[in-house]
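Let's take a walk through a protein model together. Have the sequence and the 3D view open side by side, and follow along as we go.

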Amino acid sequence: MFVFIMDNQDGKSILSAKKVHDALVAAKGGDEHAIVGLAIIPQPAEGEPAPDCVVDDGIWQQHLREVVQTFDYHREGNICADSYDAFFGEAADLVHEACNAFIPQ
């Protein structure tokens, strides 16, 4: 499992989502289904954003979103959420699901 947490727009990532994906898969011995990707990042605005809340305005590429979405087991959370409890609860369920699908070699 990997977790990205970023509270601003991602303007500095230089590797493509595919290169990051491939490096993570290689680190897991080639088993991409043994990886759970999580990201707490800016999300598109729904209504008026909270003060000091960074939203995905669609202008900057959300590179971390692209990386996480390359994995079958992934979740995105909102950096501006009042609490991350629900996000990490869902993440725990997702890890459980991935572990149940794991077939030892």
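Is Ile103 buried or exposed? Keep in mind as you look that this is a predicted model. Ile103 sits in the segment after H3. With a relative accessible area of 60%, Ile103 is exposed, because the cut-off for that word is over 50%. Now find Ile40 as well: Ile103 and Ile40 are separated by 63 residues in sequence, and their C-alpha atoms lie 29 Å apart in space.

**The sheet**

Next, turn to the strands. Three of them make an open sheet in the order S1-S2-S3, with parallel pairing. S1 and S3 are the edge strands, as each pairs on one side only. On average, neighbouring strands of this sheet are turned by 10° against each other, direction ignored. Between S2 and S3 there are six bridges, again in the parallel sense.

**The disulfide**

How many disulfides does a search of the whole structure find? The search finds one. A disulfide is a covalent bond between the sulfur atoms of two cysteines. Here the partners are Cys53 and Cys80, with their sulfur atoms 1.6 Å apart. The link of Cys53 and Cys80 is right-handed, with 115° about the S-S bond. Cys53 belongs to the loop between strand S2 (36-41) and helix H2 (63-68), while Cys80 belongs to the loop between strand S3 (73-78) and helix H3 (85-101), so the pair ties together parts that are 27 residues apart in sequence.

| Residue | Relative accessible area | Class |
|---|---|---|
| Cys53 | 19% | buried |
| Cys80 | 25% | partly exposed |
| Cys99 | 53% | exposed |

Cys53 counts as buried because its 19% falls under the 20% cut-off.

**A patch on the surface**

Which residues form a nonpolar patch on the surface? They are Met1, Val3, Ile5 and Phe88, and together they have about 400 Å² of accessible area. One of them, Val3, lies in strand S1, which covers residues 2-5. At 36% relative accessibility, Val3 counts as partly exposed.

Methods
Residues numbered from 1 in each chain as written. Predicted model: local features only at pLDDT ≥ 70, side-chain atom pairs only at ≥ 80, totals over all residues. Heavy atoms only, no water. Disulfide = S-S within 2.5 Å. Helix = DSSP H or I, 4+ residues; strand = E, 2+ residues; numbered from the N terminus. Buried < 20%, exposed > 50% of the residue type's maximum accessible area, 1.4 Å probe, protein only. Patch = residues over 30% accessible without salt bridge, like charges linked within 9 Å, V, L, I, M, F, W, Y side chains within 5 Å. Areas by Shrake-Rupley, 256 points an atom, 1.4 Å probe, with all protein chains shown as cover. Salt bridge = Lys/Arg side-chain N within 4 Å of Asp/Glu carboxyl O. Pairing = 2+ DSSP bridges. Axes fitted to C-alpha atoms, helices over the stretch in contact; angles between N-to-C directions.
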